[in-house]
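Dear colleague,

I am passing on to you the structure we spoke about, together with its sequence. Please have it open while you read my notes.

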Amino acid sequence: MLFAGIIWKNKIMAESKLNKLYDWLDERTGIKEITREALDEPIRGGARWAYVFGSILLFLFAIQVVTGIFLTMYYVPSADHAHASVSYIQKAVPGGALLRGLHHYGATAMVILAVAHLAQTFLFGAYKKKRELLWAAGVIMLLIIFAFSFTGYLLPWDQAAYFGTKVGASIAGEIPVVGPVQQRIMLGGNDLTTVTLSRFFTTHVFLLPLGLAALVGLHLYLFRRATPAGPFHNRDDKKIERFYPKQVFKDSVAILICFVALVAAAKYWPAELGPVADPTSDYLARPPWYFMPLFQLLKYSPGKWAIIPTVVLPAVLFGALFLLPFFDRREERHPLRRPLATALLILILGGSIGLIFLARHQDRTNPEFAEKLKQQEEDMHAYFAKPFEPQIVGGAAAALAASGKAQEPPPAYSENCAACHGDNGEGSPIAVGLIGVSSKPQRSKEDLLKILDDAKPYGLKKPMPESFPKIPPEDKQKIVEWMMTLKAQ
Amino acid sequence: MSVEFDEGVAPVPERRSFLGLISGLIVAGISAVLGVTIGRFSIGPAFTASSGQDWTELGPLDEFAEGKLVKKNVIVSQDAGWGKFQSQRSVWVVRKGDDVKVFSGVCPHLGCSVNTRADKFICACHGSEWNDNGDTLAGPTPRGLDTLEFRVEDNKLKVKYQDFKQAITEKQVLS
């Protein structure tokens, strides 16, 4: 008894100390007011499972930010090293497969949940009156999510990433008038290069997150200002519950289900990574599933009609979505009493899903495509199953690695050339490296031999001598033959 | 359309609630899983052992002139995350008859490059000096020049390059 009494007393004292600390903190931060603002928001009609989508999206955005930040700890946004660094994250870093899997499936989940959130808001007529800007901000956020998908898709620099983005860039180039300029700006030149990768990276990790974060803030502010719309039937309008605890609980459970699903997906179906991009291969590009409906429509639009599904349709769809609350000004919110709107939603969502399945079906039944796609998938799995192999980096050594075994330079090279061009042709502060020189213009075997006889017509700068009269022709031959073996990795 | 409602009519529930506790546990659980994963991800690779260096060939043994201090470059490979980064390091070879010594070109004091003056090794940074046997003659160096493991195969001299911890009296391999 006495013992229990002491525990009881201690508990009360501990609580009063905690309360004091809370008061102290509140005086300086206003935390009580903030908590009230955050948790005591009244919800017309009470807490509902239908309202969890927005909270899940906010959670997913947080997951993408956190996993994304840490992925950049090893990721290198350069065409030469991006694939090796992603492979390292996926295959070698502890927790890497899970972190990358969360980011990969989190991106997919964001597309699904954003569409679900939009569909729910549309169906409940919650975009009407007072909530026009709230809705418009949401539509822009959906666009940003698609931009995230497009820019993030290229970053691993594997076959699917390279060829998928190539198609995307070509589509951007088809837009009348501004297309070609826009494509050049997007790629940072006229082809998909390491510069493209850099700007996709910057857009993906700096610009888009800043934009989305700002819009999340605006969206939440406008939402709190407008207050939740409540159910469309108005039956429960008298019933009002606070955000905490019931809606908080429903949101938390939904978030937990989503998180468990992401972890399970990352574990049992690891995020894919195929062989490194090879621009010379005849890879059959297929977009990620959420761009499939447009891809399928593209098949029905020959020649100049191609811009209908790629540009016109998305522009009209998003334009209409954006403007929806401004021309749909009826107060009616019940979906069954808005047959046109409801039918349109079902048509667009159902049509999109139908097109995805149709595209899959055609790929499976076309013998030529089916075989090629199967082969690509097998290549991908074969690459994926191989243990991580570090990329070999570094001037002279790369040449040695490429030729398999160290190929010794001829003595004439070591005597006459190595002082400036390096012992193995790696170059030095006073002279260029010779690795990969044979693939440069005007540096064929014949050119190189001529340079050793008379460098003047080639415009080489000092201290490169104009000629080497002391080296016998057969030694010059040996030097050039050896130079031809110096291949960059 | 719906009636306007007065925010005041809904009672503010007690902060302590079972649903609130469950919600808190969910948040804590997810944070823990993420935290542990991120911790392993960030810290793990810092503790992976790097693979040792291969043997690098320095050339035919008899090409090293008797008693001369000869500088040779070797290619070393450094494991770092997604890459094997290959770069060059210098070593010094001294052959006196059958007695061969290969020294690291890194000063054991603070890591500057070792050079030669006449028949001595010197480090220009802080004035350390060693004889051709690697024994300290002068300067702040805590120990003699670091010798490298070598072997002779088919009359070819091969060395195993290593880095050593600086500024301590005993020679300690960095790995």
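Predicted model: local features only at pLDDT ≥ 70, side-chain atom pairs only at ≥ 80, totals over all residues.

**Chain A as a whole**

The secondary structure of chain A amounts to 19 helices and 3 strands.

A pair of residues gives another view of distances in the chain: A:Pro339 and A:Lys462 are 123 residues apart in sequence, and their C-alpha atoms are 81 Å apart in space. A:Pro339 itself belongs to helix H13 of chain A, residues 339-365, and it counts as exposed because 9 other C-beta atoms lie within 10 Å, where the cut-off for exposed is 12 or fewer.

**Domains of chain B**

In chain B, domain 1 covers residues 7-45 and domain 2 covers residues 55-174. Taken over C-alpha atoms, the centres of domain 1 of chain B and domain 2 of chain B are separated by 57 Å.

**Where the chains meet**

On the interface, 42 residues of chain A are in contact with 35 residues of chain B. Several elements of chain A each supply at least two residues to the side that touches chain B, among them helix H3 (52-71), helix H4 (82-91), helix H5 (96-123) and strand S3 (391-393). H10(A) gives the most to this side of chain A, with 9 residues. Sorted by class, the side of chain A that touches chain B has 24 nonpolar, 10 polar and 8 charged residues.

The two chains also share strand pairing, in that 3 bridges join S3(A) to strand S3 of chain B, residues 83-96, and these strands run parallel. Within this pairing, A:Ile392 stands opposite B:Lys84 in S3(B). On the chain B side, S3(B) is joined by 6 bridges to strand S4 of chain B, residues 99-104, and here the strands run antiparallel. B:Arg95 stands opposite B:Val100 in S4(B), and in the hairpin of S3(B) and S4(B), which has 2 residues between the strands, B:Gly97 takes a positive phi near 65 degrees.

**Nonpolar cores**

The largest nonpolar core has 75 residues, and those with the most contacts inside it are A:Ile56, A:Leu60, A:Met110, A:Leu113, A:Trp157 and A:Ala161. H5(A) contributes the largest share of this core, 12 residues. If residues up to four places away in sequence are set aside, A:Met110 touches A:Leu57, A:Leu60, A:Gln64 and A:Ile145. A second, separate core of 21 residues includes B:Val74, B:Val91, B:Phe121 and B:Trp130.

**Backbone details to check**

The peptide bond from A:Tyr244 to A:Pro245 is cis, with omega near 0 degrees, and A:Pro245 is placed in helix H10 of chain A, the helix that gives the most residues to the side of chain A that touches chain B.

A:Trp157, one of the residues with the most contacts inside the largest core, has a phi near 55 degrees, a positive value in a residue other than glycine. A:Trp157 is found in the loop between helix H6 (132-154) and helix H7 (159-173) of chain A, and it counts as buried because 25 other C-beta atoms lie within 10 Å, against a cut-off of 20 or more.

Phi of B:Ala118 is likewise near 55 degrees, again a positive value in a residue other than glycine. B:Ala118 sits in the loop between strand S5 (115-117) and strand S6 (120-123) of chain B; it has 6 C-beta neighbours inside 10 Å and therefore counts as exposed, the cut-off being 12 or fewer.

With best regards

Methods:
Residues numbered from 1 in each chain as written. Chains lettered and ligands numbered in written order. Domains from an automatic or database assignment. Contact = placed C-beta atoms within 7 Å. Helix = DSSP H or I, 4+ residues; strand = E, 2+ residues; numbered from the N terminus. Nonpolar A, V, L, I, M, F, W, Y, C, P; charged D, E, K, R; others polar. Pairing = 2+ DSSP bridges. Core = buried A, V, L, I, M, F, W, Y, C linked by C-beta atoms within 7 Å.
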